[in-house]
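Welcome! Take a moment to look over the sequence and the model shown here, and then let us walk through them together.

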Amino acid sequence: MTTVPYSSSLGRETTYLNHSHKIRSWLLTLDHKRIAILYMISITFFFMIGGAAAVLMRLELMTPQGDLVKAETYNKLFTMHGVMMVFFFLIPSIPAVLGNFLIPLMVGAKDLAFPRLNLASWYLFMIGGLFALASLVAGGVDTGWTFYTPYSSTYSNSYVVLAVVGIFINGFSSILTGLNFIVTIHTMRAPGLTWFRLPLFCWSLYATSLIFILGTPVLAITLVLVGVERIFHIGVFDPSLGGDPILFQHLFWFYSHPAVYIMVLPSMGVVSEVITCFSRKRIFGYAFVAFSSVAIAVLGFLVWGHHLFVSGQSIYGGLIFSILSFMVAIPSGVKVFNWTATLYKGSIALQTPMLYCLGFIGLFTIGGLTGLYVASIAVDVHVTDTYFIIAHFHYIMVGGAVMAYMAGLHFWWPKMTGKMYSEWMGRFSALLIFVGFNLTFFPQFILGYLGMPRRYYAYAPEFQALNVLSSAGASVLGVGYLLPLLYLLWSLRWGKNAGPNPFRATGLEWKTSSPPPTENFEKTPIVNEEAYAYHRMEMTGDTVATH
Amino acid sequence: MSSQHVISAKLYTVIYILLMVLLVVTVGGDLMFESAMFRTSFALGIAVIKALLVVLFFMHVRYSSRLTWVFAGAAFVWLFILFALTFNDYFTRGTAPERLFEAPVGGIVVRQTPVNPEHEPSSVMQRH
Amino acid sequence: MTPSQPIDPHALDRHHVQGLAHHFDDMDQQHEAATLGMWAFLATEVLFFGGALAGYAVYRSRYGDAFAAASHHLYLWIGVINTAVLLTSSFMMALAVNAAKHGNRKKVVTFLILTILLGLAFLCIKGIEYYLDYREHLVPGSIFEANWHEMFPHIDGAHPGSMMFLRQVQLFLMFYYILTGIHAVHMIVGISVMIVLTVKAARGRYTAEYNSPIDMAGLYWHFVDVVWIFLLPLLYMVQH
């Protein structure tokens, strides 16, 4: 670490952002806050690549014929969209950006338990990203983000190995992040900060980290097996060589289904933070919300076979996986119920983060309920590999995870940068994103139910009207995502100073200055009350609770 | 450090000797026993004992906090989940209900309207 | 409000207690964090090997005959010798940890070097075994396809089932190489780490109070040992 110099400009505090401006002080930083910023910039970059692929796909789908791109190119586009969005945006989004920044602040620690591993995880992420980008530049991958064998391992003539290596390396970045969170939450909580006083964001990231460390290695070894099969032509998963392609699907989804919860659990954590703050109420049923996170993480590991209903898995196996899949609805339902109950009789302020959160609750509910449709084998057989599935998981991943990421970003932006963005712009783009999202994906439910298959660049003419609607929605959504990029950057230069606690929120992160100093707190804070004590804050009129 | 339990070199030596004896026993069992099934379970059983000795003493889990137990245990619980639900599929492949739905054409379930209702079998089971 | 810190907090703490990182309150907290982190990492490792083992188990349950036949072509005695070498290496590591807890620098260095040497011996023996396997054409792919008659003279190549059998044999061999291969990679990583630790230990970086790195390397090394304990019966002693 570089030394902390005296503040050079008069009257300005030394913060984690301005204690040194050298490039080296960023690239070799061990400060969790700076690493979070590095992650934020990186995932925004990958989001734009994945987004560009989506734009091209939606343009192609404006007309029933394949006219903009070739079929092969289209295959590469949706693969690149999936790989970039899943592995290089959604999975690291809330954990690696907001989690990295906030967990030490929320538990009242100076840093994560292993700062060097934290930096290493960012480098691994970037190296993995470079491999994935290299596969794109070299000519792309056409297998879909799921890399199903034996197509990926034997027949595909694209750069599968490069992409697989990228995801393999990226996996270790996730593992290191998860490891750091688990250890930090276990061992570095401030005095008085018991488990049941922890912000629910920490609980949900703890649950996420469990999936990181217990699921990711299985994906890693599976990708090794695919690579070996592809390079040495040994039939691990190729039926013509004695292997079983369904085994690949088992191993792949053992990680990749829980990965859905990697995306949505942190989102749930964000929602719990934001919804309490903008309802000025304590969370309804703290323990239920906390344990439902852990329950989702554990149950999430028991349901992967619902991706294999039509793959040739045994019917008994399918039945068991179907029943188990329904069970995930219980803790998810508990959460939605508790958030709604938190809103009840709260003094609700519809500020930007809250708008995103309310959007999350509605869209997540639709995504979750359609999840029950596809958990039933009979319905799933009908809609497998149609746009119904696309719509369902985008309601969870975009309507859920990205909405929550935006909520979190707007909620903690003043903390991270010390600046306020334009509230009106924020509300406007939240609305734009909500409308654009529904316009994009709701027609896809209908398309899928009518039988339009996914992953084709051309389709039957009767599907055109709904596809045009969807593409129009995508352009609205695109504008909705570009606006925050602009006004958030704008706020860095021209935004008003935020002060330590602009939203009058509880939680240790709001008790230090914005942006926080390198060591987070002047002295280790002591906690003597529950999380979300908004009722107390409202009664005493205490805006910045002191310790 | 006061909070850490230090295992004596003597105990380590005892465990090491036990491990070596068990190694000899594994090989002996492999050469001695007739039944293949028994030999496999014997060899794996010994492996489990050896692993437990290493984990409990060399890795001093026996003297560690409950949290260490939980994490060491969680790894194996998750391994069990992976095996149990994977084999839940493999051990029930091709059993009766699956036959009912077995696809007659190219692996895809094809629902056809009967051309001649009299000749259409009442159940897919009779198809070939 | 916040006074700027004139002195680098990291530098300050390093002088404070040897080996204590700035963001921890005390040695106990740091050790607790390191231990938990290591165990969480080992849980990851269990599932890393576990994924491959699940694949192995699926195929073994289906192709028992071929797996047993292929396994009998491996050198059981080399596997057993290597197990003994690795167990001894683990024992040396345990003694190194014990010496570190007592702050005995000389013993720590000696036992670490012995651990490393035994680890290297394991890798050498493994390398020789790979070479012997190669000489016997126990390599999946074209080498095996061209030479399987030597290993399985009783198999009739014209029989339709025999091709499947030979593919299953290769499947076993593939798992043999992947499992022992990733195990060997773990050995190499462990040995590299321990070389660094040995140098640091020789320079007196570790004391009776601060020896977490040696403790953690020990946990890792014993884990690699445990993996091998299971690989021995799973690869060398397949029965059907």
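Let us begin with chain C. In this predicted model, the secondary structure of chain C amounts to eight helices and zero strands.

How spread out is chain C? Its radius of gyration is 23 Å, well over the 18 Å that the globule rule gives for 240 residues, so chain C is more spread out than a compact globule. The C-alpha trace of chain C spans about 85 × 45 × 25 Å along its principal axes.

Now for the inside of the chain. Of the 240 residues in chain C, 50% are buried. Looking at contacts in chain C between residues at least 6 apart in sequence, 78% of them join residues at least 24 apart.

Next comes the place where chain C meets chain A. Chain A brings 43 residues to this contact, and chain C brings 37 residues. On the side of chain A that touches chain C, the elements giving two or more residues are the helices α6 (160-187), α7 (200-232) and α8 (245-277) of chain A. The largest share of that side comes from α7(A), with ten residues.

What classes of residue make up the side of chain A that touches chain C? The table shows them.

| Class, side of chain A that touches chain C | Number of residues |
|---|---|
| Nonpolar | 26 residues |
| Polar | eleven residues |

Key: Residues numbered from 1 in each chain as written. Chains lettered and ligands numbered in written order. Predicted model: local features only at pLDDT ≥ 70, side-chain atom pairs only at ≥ 80, totals over all residues. Contact = placed C-beta atoms within 7 Å. Helix = DSSP H or I, 4+ residues; strand = E, 2+ residues; numbered from the N terminus. Nonpolar A, V, L, I, M, F, W, Y, C, P; charged D, E, K, R; others polar. Rg over C-alpha atoms; globule rule 2.2 N^0.38 Å. Buried ≥ 20, exposed ≤ 12 C-beta atoms within 10 Å, placed from the backbone.
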